[in-house]
Amino acid sequence: MLAAVTNTDDHRIRETCRKLGIRCVMTGEHATGTDRVAECAQHLDADAYINVQGDEPFIDPAAIDAVSEAVAHLDTTTPAVNACTRVTDAAAAIDHNVVKVVVSADNNALMFSRQPIPYPRDHYPAYLRQLGLYAFTAEGLEIFRELSQGPLERAEGVEMLRFIEHSRNVRMLPVVDAGLAVDTSEDLVRAGVLLEQAQAQASSGAP
């Protein structure tokens, strides 16, 4: 059974959740969102935990379902699943706000970077974008809590590198998602337009 909880260190978000009747867990300040989820997990007993980051408001619900299914079938060497999707916009490949990932033949992450990886020396590769959609086993979050940040994570600002730097697997799950991650003020403007369009469509009764 899935239970949705907002996890934040911001009192404004907690107050908004209270007004809307949404369950919310307050945490202390943390270096990353996964550190915050790991603290939250200390108060919520579960076999697995799914983290949908707040900057991914348009994530496809089908992608959440897919990650939820995948985490239930991880082997003991793999503490986490991370969704990814194809980069279809050439500008996104060089956008440092878009985290790219290269994946092994057995679908584990080899490296995450804000730079375009792999480098297109001889031909233009198929880039994959990391989504802010993760799932962890309960044991995986305990492992994450105990690991220290490594130089790659500190340099790139991508917390899944913590697992990789300590020789832990991160299973990458390709999903179809054309959502908009809200990382910049320009993204926020585009998000507002998308919300207005969705509201207008809902009001008109259009499918």
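Predicted model: local features only at pLDDT ≥ 70, side-chain atom pairs only at ≥ 80, totals over all residues.
Local features need pLDDT of at least 70 and side-chain atom pairs count only at pLDDT 80 or more, while totals for chains, interfaces and linings use all residues. Residues are numbered from 1 along each chain as its sequence is written, and side-chain values use heavy atoms, without hydrogens or water.

The largest pocket holds about 1,300 Å³ of space. Its lining has 34 residues, and Val-5, Asn-7, Ile-50, Asn-51 and Val-52 are the closest to its centre. A pocket here is an open set of points on a 1 Å grid over the protein atoms alone, where a 1.4 Å probe fits, with protein on both sides within 12 Å along at least five of seven lines; lining residues have an atom within 4 Å of a point. Volume is the space filled by probe spheres set on the points, which are joined across faces, edges and corners. Strand 3 provides the largest share of the lining, five residues. The lining divides into 18 nonpolar, eight polar and eight charged residues. Nonpolar means Ala, Val, Leu, Ile, Met, Phe, Trp, Tyr, Cys and Pro; charged means Asp, Glu, Lys and Arg; the others, Gly among them, are polar.

Helices (H or I, at least four residues) and strands (E, at least two) are DSSP runs, numbered from the N terminus.

**Cores.** A nonpolar core is a set of buried Ala, Val, Leu, Ile, Met, Phe, Trp, Tyr and Cys residues joined through side-chain atoms within 4.5 Å. The largest has 26 residues; Phe-112, Phe-163 and Val-170 touch the most other members. Helix 2 gives the most to this core, four residues. A second, separate core has twelve residues, including Ile-59, Val-71, Val-81 and Ala-83.

**Two buried residues.** Thr-32 sits in the loop between strand 2 (24-26) and helix 2. Thr-32 is buried, at 9% relative accessible area (buried is under 20%, exposed over 50%, partly exposed in between, with a 1.4 Å probe and protein chains only). Leaving aside neighbours within four places in sequence, Thr-32 is in contact (heavy atoms within 4.5 Å) with residues including Phe-144, Gln-149 and Arg-162.

Ala-135 lies in strand 7 and is buried at 0% relative accessibility. Its C-alpha atom is 5.6 Å from that of Ala-80, 55 residues apart along the chain.
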